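Visitor: I am new to this structure and would like to learn how to read it. Could you walk me through a few features?

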Amino acid sequence: MDVLKRNNIKVLGPAAAQPMMFVHGFGCDQNMWRFVVPAFESSYRIVLLDLVGAGNSDLSAWSSAKYQTLQGHADDVLEICRALTLEDVVFVGHSVSAMIGVLAALAEPERFAKLVLIGPSPRYIDDAGYVGGFSLEDIEQLLESLDSNYLGWSSAMAPLIMGNPQRPELSAELENSFCRTDPNIARHFARVTFLSDNRADLPLVRTPTLILQCSEDVIAPPAVGEYVTRSMPAARLVMMRATGHCPNLSAPEETIAAMRPFLGTNG
Amino acid sequence: MAERLVDSRPELELPAETTEDLYENAPCGYMSTSAGGLILRANRTFFLWTGYQSDQVVGHRRFYDLLPPAGRIYYETHYVPLLLMQGSVREIAMELICADLRRLPVLLNAALLRDAQGQAQVIRITLFDATARRKYEQELLRERRHAEQATQDKARFIAMVSHEIRSPLSAIVAVRQMLEKTPLSQQQAHLVRMLKSSSESLLGLVNNVLDLGRLESGHGALELHEFDLRALVSASFEAMRARAELKGIALEQTITGEVPQSVIGDALKINQVLTNLLSNALKFTEHGAVRLSVHCEPAGAESVSITFSVCDTGIGIPSDRLSNIFEEYAQGEAVRTRYGGTGLGLAISNRLVKLHGGELRVASEPGRGSTFRFTLQLKRQDSSGTTSTGD
């Protein structure tokens, strides 16, 4: 199994520099880092990947058993680190991949220098004494809406162009990789993501961690970001002005500016 | 030149048609939001559909406030990233929560408009009422689930019935064999021969149905072990010799190339394929020869590539039937009536070859004969102990 092909690995930047690995969240692929990566490309060895089942990963490598929990993806991250002999890694994880990074750093703490977690949530469903933001019923409805959307997408053959897309050629590329996702895999990943509970893992992580929290985020509300920061012994929180769940897309400059002081001289 | 049509009431003036009119009363909902999603404007159609008053939403609500929680997740994980990256999204299926808490299924298109500096300014959203479409989609999904369930139930039923039939049938075969050994009149011996042919063909059918059911339900996993390739080929060959002699057809075998002592594979299943192909070849050949050829070639340090082919000089297969010959029950009606058989043998063989990672292929010419061929990559057990043969 060629892990580099499996996860559609792209490596940029100087080969001898400190590695910085970017891992996307649910619903996306490595394209989502396109506005942030250029800022770090000259001083870091950038590693981009698609989680198995997303983007242009090798779908034949996907199995419901292996990816039954986030640990399956964390194991992939570690395999990629070994295949590329990455040491002293800065791991940048968005959304669900924040917890994938937590699991990887727990398994091989010596491999990771720093974690940058963007919009992390250790548990999306409310629990006694914990507000995740969603009920189990909400998640069941999400799975239904996924069914409907993938069905809709596959039947929407003729492009309906609206407004003035800045770069039409980009559209096709993105739509191909976003919509390539097998509906069954997307449903499965949604289930694994939104039913996960990694609260117990947080206090065990010793790696220095930066939490980037948007001021209005329906997926990971500020209270969750504060919970994560409190629970991790070496975490610090930056509350961003940006709203939504994808500051790396909606506010790339603010995201980059928040990362630089944490990364230190290299940044 | 086209004739100009004259209306019977020429005095009727065309009513004033303003852009505003078209915007407000379009058959779709229009909405503009800020880059952060705050609703800045919406048309009359939108308010009509959702039951909101303008001052309830404009300047007060964000677009995602109109979505149920699941929709908000979808909005943040699919809609927003796609919109920010490519500047537009199309045909996203969502539900809007209306003023009376009713849910309105919509299809959403959106475009992000930027200012001269490239800063995101306004999101322009078009909404289509997707109530009917959603209803059909849900019916489609429900029916698909029903169909999948029904297929599984049917397969389970067939497997169960076949299994139940096999036990008494095996008893009939055994009793017939015992009967054969008792003193029989000429007529009785004739009846026992009929019984033999019918019971054996029925047992073959039941076994095939069970095999196919197992393969279809994914229970046909390979049982890999070490076996002697020459012994396997020769056993398949010898099992057919009596039938060939009875029919007066020459049966030949060759093994060429670098034949390893032993390989790793599922010998039982490979034997089943060879037996099926040889048995078909003999069945459809009246004159000439049936030849089993096996050729081995090294494939890397540890494996060997083995090509098996069964070639006959029989009736051949018409070109229009070659494309679906490996499908279940593909055997033509005329063929079945004349030659018998279940039409499952090739479908099973094809699946067994696929389990080993190979592909069963056929070449044929009506009246000249057919050749069935497949290649398997098997691990060799003894990398040093190969024997080279050229017979």
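**A guided reading**

Guide: Chain B has eleven helices and 13 strands; helices (H or I, at least four residues) and strands (E, at least two) are DSSP runs, numbered from the N terminus. This is a predicted model, where local features need pLDDT of at least 70, side-chain atom pairs count only at pLDDT 80 or more, and totals for chains, interfaces and linings use all residues. Residues are numbered from 1 along each chain as its sequence is written, while chains are lettered from A and ligands numbered from 1 in the order in which they are written.

Visitor: How do I read two packed helices?

Guide: Two packed helices are described by the angle between their axes and the distance between the axes. In chain B, the axes of helix α7 (residues 229–247) and helix α8 (residues 267–283) come within 9 Å and cross at roughly 20 degrees. Here axes are lines fitted to C-alpha atoms, for helices over the stretch in contact, and angles run from 0 to 180 degrees between N-to-C directions. That makes α7(B) roughly parallel to α8(B) (angles under 35 degrees count as roughly parallel).

Visitor: Which residues of α7(B) and α8(B) meet?

Guide: Among them are Leu232(B), Ala239(B) and Arg243(B) in α7(B), and Ile270(B), Leu274(B) and Leu278(B) in α8(B). Two residues are in contact if their C-beta atoms, placed from the backbone, lie within 7 Å.

Visitor: And how do I read a sheet?

Guide: Strands of a sheet pair through backbone hydrogen bonds, either parallel or antiparallel. In chain A, seven strands form an open sheet in the order β1-β3-β2-β4-β5-β6-β7, with mixed pairing; two strands pair if DSSP finds at least two bridges between them. The edge strands are β1 (10–12) and β7 (235–239) of chain A, each pairing on one side only. β1(A) pairs with strand β3 (residues 45–49) of chain A in the antiparallel sense over three bridges, and Leu12(A) stands opposite Ile46(A) in β3(A).

Visitor: Is Pro19(A) buried or exposed?

Guide: Pro19(A) is buried, because 23 other C-beta atoms lie within 10 Å; a residue is buried if 20 or more do so, exposed if 12 or fewer, and partly exposed in between, with C-beta atoms placed from the backbone. Pro19(A) is found in strand β2 (residues 19–23) of chain A. Leaving aside neighbours within four places in sequence, Pro19(A) is in contact with Tyr44(A), Arg45(A), Val47(A), Leu86(A) and Val89(A).

Methods. Parallel < 35°, antiparallel > 145°, perpendicular 65-115°, else oblique.
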